[in-house]
Amino acid sequence: MHGAKDNVIQTVSDATASDTVGRTTADHATRSSHSLLRNPLFAGGLAVTLAIVAACLAAPLLTRYAPNDIDLNSLEVAPSATHWLGTDALGRDIFSRLLYGGRMSILVGLAAVALQIVIGVTLGTVAGYHKGIVDAIVMRISEIFQCFPFYPLAITIAAVFGANVWNVVLIIGVLQWPGLARLVRAEVLSLREHAFVDYSRAIGVPTWRILWNGLVRNCIPVIVVNGTLAVTTAILSEAALSFLGLGVSQPDPSWGNMLSSAQNFRVLSYEPWMWIPPGVAIALLVLAVNAMGEALQEHVRPRFGYIADIAPSHRH
Amino acid sequence: MTDATEHAETPALSVRDLDVVFTAEYSGDSDVHAVDHLSFDAHAGEVLAIVGESGSGKSVTVQALLGLLPQYASVTGTLSTADERTFDLSDPAQLRDLRGTHVAMVFQDPYASLDPVFTIGRQLAEAVAVAEPSLDRKRVRDRVNELLDDVRLGDVEGIAGKYPHELSGGQLQRIMIAMALAEHPQVLLADEPTTALDATVQQEVLDLLYSVCHDLNIATIIITHDMGVVADIADRVLVMHYGRFVEHGTVDEVFRAPKEEYTQKLLAAVPSADGTDHVPESKSGEPFDDVKPLLDVNHLTVSYRDRSGKVKEVVHDVGFSIRPHEVLALVGQSGSGKSTIARSLLGLNPLTQGKVLIDGKDIFALRRRERRAVQARFGIVFQSPSESLNPRLTIGDIIAEPLRFVGHMNRKDSRNRALELLDTVHLPADVIDRYPSELSGGQRQRVAIARAIALNPSLLIADEPTSALDVSVQAEILDLLRGLQRRIGFACLFISHDLPLVRSFSDRVIVLHNGNVVESGDTDELFTHPHQDYTRNLILSAPVANPRIQRARRSERSNSPSNHPIPSKGTIK
Amino acid sequence: GCGLNTSVGTAATAAGTSAQSTDTVRYALWSNPNGQFNPVTYFTDYDRAIIFNVYSRLVVLDAQQNYQPSLAKSYNWSADGKELTFELRDNVKWHDGEPFTAQDVVYTYAATANKDFPLDPSTLVQHLEGYEDYHAGKTQDFAGITAPDDHTVVFHFATPYSGALATFADKPVLAKHVWEKVPIAQWKTATDLLKHPIGTGPYKFKEFVDGQYVALEANPDYFEGAPATKNLIFKIVSPDTLQTAVINKEVDIAEISNFNSKELDAYKQQGVNIVEGEGNGGQYLTFDTKNPKLADKRVRQALLYAINRKGIIDSLLYGHGITFNAQAHPSDPLYPKDLNSYDYSPEKAKELLKEAGWTDTDGDGFLDKDGQKFTFTINFPTGNKTRELSAPIIQKNFQDIGIDAQLSQADFNTTLAILQDPNKQYDGVLMGGTFRPQQYGSANWWSRWGEDGESKAALDKVNETTDPTALAQAVSQYLHLENDEVPFAFLYIPNQGTAVRPEVKNFERSTYEIFSNVSKWSVSPSQAQ
Amino acid sequence: MVKYIARRAAIAVVVLFGISLIVFAVLNLQPGNPYASMFSPQTDAATREELLRKVGYYDPLWLKYVKWVGRALQGDLGYSIQLGVPVTAVIASRVGNTLVLTVAAAVIAFVFALPVGIYSAIRRGRVSDRLITVVTFGIMSIPAFFLAMILIRVFSAQLKVLPSSGMITPGFAGTPEQVTWDVIRHLIMPATVLAAMSFATYSRYIRSSTSELLDADFVRALFAKGLSRRSVIYGHVLKNAAKPIVTVLMLAVPGLLSGALITETVFSWSGIGRLGYDAAVGRDYPLLMGITLLLALVTLLANLLGDVINVIIDPRIRVQS
Ligand SMILES: Nc1ncnc2c1ncn2[C@@H]1O[C@H](COP(=O)(O)OP(=O)(O)OP(=O)(O)O)[C@@H](O)[C@H]1O
Ligand SMILES: Nc1ncnc2c1ncn2[C@@H]1O[C@H](COP(=O)(O)OP(=O)(O)OP(=O)(O)O)[C@@H](O)[C@H]1O
Ligand SMILES: [Mg+2]
Ligand SMILES: [Mg+2]
C-alpha cells in the first residue's frame, strides 16, 4: 500500500535542494511553455491526464447508468454490450462507476495537494526566511508530523468528522505537508541569500511583500513539480485509505474503493473486470501526472549537459 | 580561408575546421551555432590566448577538443598532434586516447572541478595512475609529491591529506595545474584559469602557467576575456566573435595594431591602468574639504557568526566619509571586507560597533520608520545583475518596487515613472513587460541602475557593478553611471577590485586589507604614489592591457629570487 | 532483539512445508488469537477455538441442541428450579497430571463473582445465592456454589435462571491449583498462565507462536478417549489467502468466507470438500426506538418490510443463508414457527408509513410528516464485507419507499460508540452478533427498547423459568413481542462453510459446536495426487 | 561530532514528547471506548461504569497523560487493553519480525534500485530512461494488495513453490539451516511486495542525485583527466551520491514501516504494522502509544543516523560540525 508517507521523493529532496535548486530555478524558470509542450513526456502526460479528466467530467454523456444504481439481477456480470466493463457485486455498472469515481479520485488528489501547498508553503517560507528560532520550531513541528502515525490519525479524523471525501483530503493534506515545507524552506534559505532579497530588505519593502514576491513566487517551480508528484501520492493514499474502509465511503465510488472492494482472491482470479479498470485508471493517471512532473523537473533545471562520453552510443 | 594556422614548425596541436552546433532537441529554442569552422594551431612552448566577449564560443572550442561537450552538441572537425596522429572530433570515443596523456585541461572554477569527497593526494594520485599505469604505489606517491613541488605547494603542511574545501582558490588552481602536469601533456588547455581568483593570486597562477609552458615546453592555450591577462602571458592571440575566427597574431601585433574593427573595439573598452586615456569626467577638481559630509562612518566594526557559532570580526574600526557628489572607491583583495561595509550601511548586517551618520544623523539610532526614510535615499546596485533582479517579476514591477513600497506611489504612477527611468538608462520601453531572463547581462544591469535611481538617491552604493560583465559592456555601463552621476549628482560608494576601473571613475580611494583601512587618499595621488607596499602590490598585480608593461613587470618579478617559478628539477620529460 | 520469535518444536512433525502427514490436522484461523487462553477472560473467537479444545465443560450441546453431560456425569434440577446439581466424572486429570475435582468447578465460577474479577460478572453468578455479599467482599465463601464432596457440585439460585445450562456449556472449567497462584485481579495480565493453558480437554497446549500458529498435542488421557490425530495446529491465515493455503495443502480445514460458485468450484476442482451448515452469527439493523420518528412501531415494521432480505441473501450470500425474525436462532427448539416473516413488500411498507402519518405531501419524492422529511442514516462499521455491501442495498430499499436514506461508514469502535452513548440519537446501525444457545435478548444492552414495561417483564419471565414447557411459552411470548415491535430489523444469518481437505476424515460440526468431535478427526495418507 | 549527536538527540527527545502529547490528545478525541467490546452484552450500565472507573477511563485527559508519562519514563508503557500483556513485551515480540521484513525489503529494493537508478541517470532523456520511468511508476501504482495477491496466485497456487503466508511452517523442526531456509521461503513474497513499494522512490531518487552529479563540473574534469567512464561513475559519482542516497534511505523508514501494514496482513506476518492498525481500530491506547513512540523513535533515529553518516561521508560537513 502506498501509505501517505511514501512520498519520499518529495520529502527527501531537501537534502540536496539547497545546493541545487536555488541555483537553477531562478535562471530557468521562465522558459517558454511552448518548449515544454514539445517534450513528449509532458505532452503525453498532459494528453492522457486531460483525456481522463474530460471523460470523468463528461460521465453523464458517456454512460446511461447512474453509478449507484443497484441491480440485484445482474451481479458480477462480465463485460458485455449492456455493461461495457461488467458489473460489481451489487450489479452496479463498472464503467459508470469508473467515470464518476474518477471525479472523486481527482478531486481528492487536487484538494489534498492544495491543502498541502497552503500549509507547506506558508510554513516553509516563513521558516526559511526568518531562520533561527522560527525555523527551528517549524522544523520540529514538521518532524512531529512526519513521525505521526498515519492510521491512528486517519481513523480519528474519520471517527470525529465522519468518513467522507473531505476528511480524506484533510488526512492526506495534514500528514503530507512536511515534505513540501522542507523543500520550500531549503529553497527559500538559498533564495533569501540572493541579492534581490537583500535589495528589497535594504530599501525597506514590507516583509509580506518580500515573502510573496521574492520567495514564494520563486518557489513556484519546486511547488509545481512536487505538487504533481503529490497528486499521485494523494490518489494512491485515497486508495489505501479506502482499502481500510477509511476513505471515500459507500455507495459513492472512487477508484480507491472500487479497487478495495475487489480485494478478494476470487475477484482477482475470475472477475478481472472488477479490478482491472480502476487499477489501470489509477496507474494511467499516476503515470501521466508523474510524467508531467518529471518533464517539469527537467524543464526547470538547466539543460542536461552530460558529456557525450557518459552515454556512449549516442552519435549516429 | 583566413585562419590562425601559419607557423613554421609542426604544431603540437592542430585544429582544422572545428564546428559545433547545439541542437535544440526538446528545448524549442533554435539551434546554436557555437563554433563556426574554426582552425588554429598551438605550438610547444608558446601560450596561445583565445579571446572574445562572453558567448563567443571560447569554452566550447576547448571542450570540443577533449570531447567534453554535451550529448546534444554536434561536432565536426579534426585535430592532429605533433606525432601526426589525427582525430575525428565528432567521435568522443577517439578523443578518449587524447585525454590524460596528450592534452590536459585546467578549468575556470577549481573548487567545482575537484571531487569534494576525496583528498587532494588521492585525486592527484589518480591522475598519475591514469597517465602512468605502470607505477606502483610508492612511486605514485613520490610522483605526487614531485608534482606538488612543481606547483610550489610542496611545503604546505599535509596538503595531500586535505580536502578541496580546506584550500584557498589559488592553491586549488595550482592543484589543478599539478593534475594537468601529471599527465605529461604536450598541450595544456586553460579555460579562464584565473577569473575566479583575486588579482594577487591571479598573478601567481599566471606566472606558474607561464613557466610551465616555457620551461616544460608545453603548448598552452589559455582562454580569457581579460585583455590584461592576455597582455601578461600570451605569445599569440586568437580573437573570436560569435564562434567565428576574427583575427590572429602575436600579442604585440594584436595589441599594437589590431586589424579588425571588432578587436579594436575590444581593446578600446579596456580602461588603461596608467590613467592616460579616460579622465573621469566627474572629477571636477573642486576642493571637497570644506563641504559637510553626506555620509560619515565612524569606528565601524562588523563581525559574523559562522555556523559553529564562532564570532569572526571582519571589519575593524573603519572610518570614512563621503561628501555630496563625490565618488569614493573601496578597493582591496577579495575578502577584505568591502561588501560587508556596504551591507552594513544598508542595514543588512548588524554592526558590532560604530556609527553611521547621514547628514549628521546616526541612522541606527533612529526608529525603524525614520531609518527607512533615510535609507530610501540610498540607491543600490549589486554585482550580479541576474542575482539582484527577481526572476519572477517583470522589469516594470522590478523598477516599481521601490516606487510603490518605499515611495508609496500607486500602480499607475509607478509604471509611468518606470517608463521614464527605462528611457533614462537607454532601454527601449518594451522591455517593461519582459522578465530579467529575457535580457542580456548588460541590459539587466541597466535595469538595476534604473531601479537604483528611481527615488533620486543622494548616495549610490555600487558593489562591483560591472565585474560580472563583459569588457565591452562594462565600458557602456560605466559611461551610463558617469552620466547619471553628473546629471543627478548623487554621491557614490564604488566598490571594485578592478583598479584601472577605479582609477578612471573615482575621486578618492580607500584601500582595505583584512578589514582595516590601509591607505586612503585622492585617486591620482594614490595610484601614482602609493605609500604602502600592499597598495603597490595591488596596483602592480592587476595586469594591464599592455604587453610591454606586463613583460617588464614579469622580468622584474622573476629577478627577485624569492619568486622563482619552477624548480629546475629535471624530472619532467 | 531481532530475529523471528520462533521456537523450534522438538516434536518430529512434518518435515516439508506442504507435505501431508497423518499425525497432524491443521485448522485455519482467520486472525491471530490474543493469547488470552482463559475461558472466563478471553474475548475473541480465535482464542475461543483454542480454549474449547484445551478445556472441557460440564455439559455440551449435541447436534439437536440438547445438553449432554461432559465433565459432569449428570446434572439435576431441583423441583423449584433453584438448585442445580452436577455429578462429576471421577477419572479426569488435568494436563499436568493433577486430578480434576469439584473444587475446580467451585473455584472457576466463584472467581467470576469475585470483587477483583477484572471483567463484568456473568449473569449466571448474579442469579446465585449470596452473590451480593460475596461480590462486595463481605464473605469469603460464595454461598451460591457448594461442593458436598469431590465429585459433586451444587449451584444454589436465589431466583431460578433458565440460562444456567447454556452458561455451563459455554464456560469451561479452570484448574484451581493453577490459577489460585495468581490474584484474581491480575487474571487478564497473567501472561504466563494465559499463554500456557492447562485444561482437561482432548488436546494439550504445546506452543503459541504469536501471529503464526498455535500447536496443540493430543491428550492421551482424555476422558472420552485419546484423539485420533496427534497434533492439532491452528495456523493463522488471512481470509484473503485462505483458498490458496487450502489448495496448497498448508492447512486442512478452513472456514470459507463466501459461497460464490466460482470459488466453490475452485475448491472442488482440487478435491476439497465443502461442509456447509447453519451459521451462528446474525446481522441486524438496530433502530433507535427513542428517536421520535422511529418510536412508532408501524414505522419500524414498515422499514423491515421495505428491506429485500431475500434479495440480500440471494445476491450477497449466493443463497447460502437464512432470514430470522426475532432474536434467536431459527434452529433453536424454542424458536416459534409462527412469527411474522415480514416478507419483502414495499407496498405494505408504504401503507404502514401512511398509517403512521408519513406521506409525500410536497411531491419531492420523499415522505414527510409535520413538514419534516423522512431521512434515515444507516451507520455501519468497516470490517464485514457482506455487511458493507448490504448497506447500499438497504439504502436503495429505503429510497424506494420514499425515505431519504444516507450511508455513514466508520470503524467498528466509532460505530459502536453510537450505540453505547445512551444520549445519542441515531436512526439505524448495522450490527452483527453471535448466537449462543438459549440466550434470548442478548443484544439488548445497547437497545433502547426492552428496558422497561412489557418487554422487560417478558424477558425476566424467560430468565426465571426453568420448567421446559413454561420456558417454551415464555420464550415464545417474548420472541413474538420482539417480532412485533421490531426493535431491530433482523436481516440474515449466513451459512457457515468449511473447506475440508479430502485427506481429513470424520469432520463434523453443528451450529454451535465446531469442535464437538475433534477427537475423531483423522488424516489418511494423501490419495489425491 | 559527539556534541553534535548529543544536541540532535536532545532535540529528538523534545520531538518525541511533542509526538506523545499530540498523539495522546488525538487518540482520546476518538469516539469509542477501548473496553466496549470486552463487556458481555448483558452487563448492566452500573457495572460497566464501575469497571470503567476502576481502570481510570473517566480520569481527566491531562491526568491520564501525566500518569502515562510518569510510567513511561520508568520504561513502563502499561498493559495492552486487548492483549492484557505489557506493551513493551508485545512490541518486543513483534518488532524483530517487522525489522526482518523491512530490512529485507529495503535491501531488495535498494539492490534493484541502485543499478536501475544509475543506468537511467546515465541514459537520461533517452528511450531506455523513459521506459524505466514508465515501468517504475507502473510498479509504484500497483496497490500492494494486488501485487501480493498476484504473487500468491502465481507462486503458491499455481507453481506451488512458495508458502502463501506465515513466517514459518507450523511445528517445523530441523537444523538451524533448514529453519533459516524455511523462514527465507516465507519471507520472499512479503519482502518483494514491500520492496516494490519502495523501489520507485529509491530508483527515482538515485537517478536524480546521480544525474545531478553527472552534470557537476568535477565530473567533467575527471573525464578531462582521462579517467574511464567506469571509474568516474563508480569511483567518484557514487561516493558523492552516497550522501543523498543515505538520506533517502533513512527518510524512507517511516514509509516502509507504515507500508508494512498491508503486507503483514495479507501474508500473516506477525509484525508491528498490523498490530498498530489493530490497536488503532480497537482503541487499544496504551499499545498504540507504545507503537507510535517506537515508530517515531525509529524515524528520528533514522534521520539522526542519516545525518551522522552524511557527516562521515562528506568532509565539508565534518569541518563545520
Ligand atoms: N551546453 C550548452 N548548450 C547549449 N548552448 C551552449 C552550451 N554551452 C555553450 N552554449 C552556447 O554556445 C555559445 C558559446 O559559448 P561558450 O561557453 O563557448 O562562450 P565563451 O566564449 O566561453 O563565453 P564566456 O566568456 O562567457 O565563458 C554561447 O552562445 C552559449 O550560449
Ligand atoms: N555571511 C557571512 N558569514 C560569515 N562570514 C562572512 C559572511 N560574509 C562574508 N564573510 C566573511 O567576511 C569577510 C569579508 O567578506 P566581504 O564579502 O566583505 O569581502 P569583499 O571584500 O567584498 O570580497 P570580494 O571581493 O570577494 O567580494 C570574508 O572573510 C568573508 O569570508
Ligand atoms: Mg567560457
Ligand atoms: Mg564583495
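# Helices, an interface and a sheet

Reader: What pattern does chain A follow, read along the sequence?
Author: Read along the sequence, chain A follows the pattern α-α-α-α-α-α-α-α-α-α-α-α-α-α. The secondary structure of this chain comes to 14 helices and zero strands. Helices (H or I, at least four residues) and strands (E, at least two) are DSSP runs, numbered from the N terminus.

Reader: Where do these numbers come from?
Author: This is a predicted model, in which local features need pLDDT of at least 70 and side-chain atom pairs count only at pLDDT 80 or more, while totals for chains, interfaces and linings use all residues. Residues are numbered from 1 along each chain as its sequence is written, chains are lettered from A and ligands numbered from 1 in the order in which they are written, and side-chain values use heavy atoms, with hydrogens and water left out.

Reader: How many residues does chain A have, and what share is buried?
Author: Chain A has 316 residues, and 68% of them are buried, meaning under 20% relative accessible area, with exposed being over 50% and partly exposed in between (1.4 Å probe, protein chains only). A:Cys56 counts as buried because its relative accessibility is 4%.

Reader: And chain D, how many helices and strands are there?
Author: Chain D has 13 helices and zero strands. Its C-alpha trace spans about 85 × 55 × 40 Å along the principal axes. Of its 321 residues, 62% count as buried. Among contacts (heavy atoms within 4.5 Å) in chain D between residues at least 6 apart in sequence, 73% join residues at least 24 apart.

Reader: How many residues do chain D and chain A bring to the contact?
Author: Chain D brings 66 residues and chain A brings 58 residues. Between them they bury about 5900 Å², 70% of it on carbon and sulfur atoms. Buried area is the accessible area (1.4 Å probe) that two parts lose on being put together, summed over both. Helix H1 (residues 2-29) of chain D gives the most to the side of chain D that touches chain A, with nine residues.

Reader: How many salt bridges are there between chain D and chain A?
Author: The count is zero, a salt bridge being a side-chain nitrogen of Lys or Arg within 4 Å of a carboxyl oxygen of Asp or Glu.

Reader: New topic: what is the order of the open sheet in chain B?
Author: The four strands of this open sheet stand in the order S12-S11-S14-S15 (chain B), with antiparallel pairing. Two strands pair if DSSP finds at least two bridges between them.

Reader: Which strands stand at the edges?
Author: They are S12 and strand S15 (361-362) of chain B; each has a single partner strand, so one side of each is left without a neighbour in the sheet.

Reader: How many bridges join S11 to S12 of chain B?
Author: Eight bridges join strand S11 (residues 295-305) to strand S12 (residues 311-322) of chain B.

Reader: Last one: how many disulfides does the structure hold?
Author: Over all chains it holds zero disulfides, a disulfide being a pair of cysteine sulfur atoms within 2.5 Å.
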